[in-house]
Amino acid sequence: MFSDKKLEALSYIAFIAFIFILPLFMDEFWLSRFAKYLVFGMCGVAISLSWGYAGILNLGQGMFFGIGAYSIAFSLKLAGSDKAGGSTPIPDFMLLNAEPNAPPELGQIVTGSWIWVPFQSQWFGFAMGLLVPGVFAGLVAYILGRSRVSGVYVAIITLSLTLLGRLLLVDQQQVTGGFNGITNMGYFDLFGLELDPYFKNTYYVIAICLTVVLLGLRWLVSTKAGLILQGIRDNQNRARYLGYSVSAYQVFFFVISAIVAGLAGVLYVIVSEFASPTFLDITFSVTMVVWAAVGGRTSLLGACIGAILLNYVGATLSETESLLYAWQLLIGVIFLAIVLWLPNGLAGLATDLVRKLSGRKGTAT
Amino acid sequence: MMLSGHDLKLVERVNMIQSSANFVVENLEVSFNGFKAVDGMNLKIYDGELRVLLGANGAGKTTLMDLISGRTKSTGGKVLLNGKNITNWEEHLIAREGIGRKFQIPNVFRELTVRQNFLIADCRQTGVFSNVLKGIGRTLPENVQYAVELTELGDVLDREAAILSHGQTQWLEIGMLLVQNPQLILLDEPTAGMTAQETQKTAEIITRLKGQHTILVVEHDMGFVRAICERITVMHQGRNLAEGTVKEIENSEAVKAAYLGSGGIGHA
Amino acid sequence: MIESIFLGLSVGSILLLIALGLSITYGAMGIINMAHGELLMIGAYCAVLTRIHLSFNMYMAIPVAFIVAAAVGFIIEYFVVRRLYSRLMDTLLATWGIAIILQQLIRLEFGLPFLGIHVEGLGPGLQNSGMPSGLQGSFHLLGANIPIFRTFVIFVSLAAFCLTWAIIYKTSLGTQLRAVTRNAKMAAACGVNVKRVNTLAFSYGAGIAGIAGVLLSGFQSVKPDMGSSFVIDGFLVVVTGGVNSLLGTLFSAGILGEVRALLAILWNDVLAQAAVFFGVIIIIILRPQGLFFTKSR
């Protein structure tokens with residue numbers, strides 16, 4: 001019947017086909033919402049890579065997401081802002097916070113606004129949205145790896161860093177828009193194509209990005225490096241005594257996971273037109289972990305589908321407040337059940353089911 | 001033909017000229033909270049030799065292995081491999097330099113399959129980028145195939161390592177060492193918990209390793225030791241107490257004194 | 001000046017109350033209880049509900065909160081945490097799931113509205129617990145204005161600390177807990193009922209959280225998600241102090257509280273919190289065993 005490999009290939013093909021066929025059946029409004037779910041799917045994939053494959057429970061994925069989001073937000077805000085008498089566009093909240101007698105130039109209007117200057121280029125914003133999370137993640141992973149800090153502490157530290165980031169974001173409101181975040185932006189200009197959130201092409205761009213990320217990471221974990229990474233996750237010491245630098249592998253994959261999260265942040269802002277400090281709430285970061293756990297942390301596609309599914313259902317139910325709470329209660333229960341009894345989530349359940357049906361033994365992955 | 005003590009020394013000198021000691025431990029020491037677990041240990045192992053390390057519990061044998069492989073940092077002395085000073089290097093760098101270790105409690109990748117365990121043990125290239133460019137095919141590389149055949153684990157290649165029996169797990173670890181192909185192999189009680197049959201097979205596997213690798217084995221099972229051994233080093237209270245062949249050690253006065261009236265180490 | 005120092009002690013006392021329960025569940029048992037904040041929240045809701053329905057004042061709410069929170073803790077330990085002693089990392093996730101469940105239960109008023117029953121004091125909105133008139137206002141000390149309620153909180157937190165200390169070091173249950181912490185198998189071999197000890201310890205830690213919740217309700221409105229922000233504060237205090245050290249928790253709560261209050265006066269509250277987070281992260285990295293780590297507890 002179906003071998004594991006064939007089953008997996010089929011799932012990927014089915015999923016990719018599904019997301020590309022969807023626009024034929026959905027109107028722009030729903031499509032735009034679904035595009036956000038795809039972005040969350042990308043977050044699920046990032047978590048799966050860092051947690052399921054590398055064994056690093058990152059409770060601060062929201063931070064990398066947020067950095068990506070704010071980077072592109074800076075650029076898109078400028079794209080949507082007018083000049084205020086000077087030579088550069090000035091975001092509205094900066095005008096409100098302006099120092100008296102400050103020239104209406106981006107580098108001088110408020111303390112710290114010079115950071116915004118290079119973001120006048122959208123591609124700079126895009127690049128920073130991927131690079132800064134990557135560099136930051138590399139730094140964090142390197143420091144934590146060298147000090148051989150245990151898994152629990154990694155979780156606590158990543159969580160604290162995210163909260164720290166949120167505090168700073170809110171505090172420096174003259175540069176970041178503070179509590180309210182950044183709104184009223186322009187559209188991203190993709191080589192002449194304007195990415196209006198309610199435009200079908202925007203959906204396709206996001207679908208393409210998700211597909212590239214999925215296939216790219218799937219390939220990456222199938223290489224020898226991916227295998228060694230799983231060995232490290234299983235038994236760090238054994239890997240060391242074989243000559244592998246545990247720290248190097250962890251840093252590499254953690255950085256990639258962060259870059260994917262950053263890309264997700266960028267795409268999210270493009271499709272939802274706002275960036276907010278709530279991206280750095282504990283709840284958001286942990287919720288991503290919940291999506292990946294429910295979908296199946298050791299399956300990139302599983303985590304992706306888990307995220308999309310949970311968000312889709314949640315959104316459908318959000319019409320009624322108490323239904324929404326009930327749904328979240330259910331998620332809590334499902335999550336608990338998965339931690340206790342189904343570590344491989346729904347993807348694991350599905351694979352076991354298919355194996356049982358085709359009467360095969362063994363646990364080859 | 002029994003050699004006299006004088007002749008033994010001559011033979012030793014000749015040996016030293018012919019093959020250099022490629023693994024040297026010099027005055028190695030480590031103390032934990034004032035207790036010297038290893039106290040000025042000296043050891044020279046020659047290329048291709050199989051050396052057995054004997055000693056009572058607490059003599060410092062496993063600690064010595066920890067020090068050599070980098071698991072514990074020493075507080076004095078040196079470890080030299082091929083003349084290179086690798087004292088207190090990080091574990092993975094020591095491993096890359098050519099030291100492989102098998103632990104007392106089998107230490108494999110339990111949740112991965114046997115096949116995956118062997119593949120990871122193929123660590124000729126350890127860098128991230130070089131391994132990103134390597135795929136994993138269905139056919140096993142030659143050296144892995146050889147190890148699989150030698151350890152007779154071909155039937156369970158696609159099962160998780162966790163389901164292996166104790167003996168099979170030990171062989172998996174030894175097999176991985178084969179694949180790793182280090183210059184110096186440290187074996188910490190490779191037959192611990194094995195049946196007589198399993199012990200015999202382990203002796204066969206280890207004998208195959210002789211000559212192409214330098215091996216240091218910690219063991220208690222004297223029957224096993226006699227089957228594989230060339231030279232023995234006896235460790236006592238963190239020091240090198242005596243060295244020699246099985247017969248010499250069994251008859252050594254120093255060893256007998258250390259074991260205080262017991263029948264000597266032959267009854268360990 | 002005195003006011004700033006006092007504020008630091010006050011912040012420290014709040015941190016201590018939050019961290020005390022965690023010091024037991026994490027410090028003694030290694031369990032990462034992400035639902036600790038929700039246990040706080042339950043304590044706070046006890047204060048609200050007893051005020052509304054039983055006309056209790058805050059003093060009377062304290063024992064109620066202890067019992068209720070301890071009971072919830074018991075349920076959590078018995079049905080969930082108990083299965084995870086061999087995989088402690090998963091306790092983080094499992095208790096987060098429980099935290100979600102507890103929050104939504106409050107928001108949904110335990111589903112009672114579906115049966116037509118509406119309980120005042122529950123639901124997704126903000127609630128208030130009353131402050132006894134005796135605790136309102138402030139008194140004068142050495143020329144400074146000292147809020148009475150904050151002083152009360154300091155006393156309660158110190159009392160809770162002393163009670164905990166006494167239990168751990170002066171009772172047989174405490175000795176058993178310390179034995180189990182060191183080596184559960186050995187303790188079991190010596191006849192200690194490890195399961196019972198673990199359950200009691202966890203419930204006690206939860207109960208303390210409940211008390212903390214009552215007092216916290218005097219500082220802010222009570223809402224279902226009030227607990228999440230405190231969990232991290234609590235863990236940082238425990239980890240900075242030294243996971244194995246009760247005294248360490250006391251000192252680190254005091255130090256972190258003082259530092260945060262002083263920095264808040266220097267800069268602002270937000271930056272002060274950020275700075276303390278940052279400082280603690282550095283401490284964890286450089287000295288993971290904590291500042292006051294002692295070999296013995």
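Me: What distance separates the centres of domain 1 of chain B and domain 2 of chain B?
Reply: This is a predicted model, in which local features need pLDDT of at least 70 and side-chain atom pairs count only at pLDDT 80 or more, while totals for chains, interfaces and linings use all residues. Residues are numbered from 1 along each chain as its sequence is written, and chains are lettered from A and ligands numbered from 1 in the order in which they are written. Chain B is divided into domain 1 (16-34 + 47-98 + 184-268) and domain 2 (113-181), with bounds from an automatic or database domain assignment. Taken over C-alpha atoms, their centres are separated by 26 Å.

Me: Which helix gives the largest share of the side of domain 1 of chain B that touches domain 2 of chain B?
Reply: In this contact (C-beta atoms, placed from the backbone, within 7 Å), 10 residues of domain 1 of chain B meet eight residues of domain 2 of chain B. Four residues on the domain 1 side, the largest share, come from one helix (a DSSP run of H or I, at least four residues), namely α8 (residues 196-209) of chain B.

Me: Which helix gives the most to the side of chain A that touches chain B?
Reply: The contact takes 25 residues from chain A and 29 residues from chain B. On the chain A side, α8 (200-222), α9 (224-234), α10 (236-241) and α11 (246-272) each supply at least two residues. The most, seven residues, comes from α9(A).

Me: Which residues does A:Ala264 touch, not counting residues up to four places away in sequence?
Reply: Neighbours up to four places away in sequence are left out here. The residues that A:Ala264 touches are then A:Val39, A:Met42, A:Cys43, A:Ala46, A:Phe65 and A:Gly68.

Note on methods
Contact = placed C-beta atoms within 7 Å.
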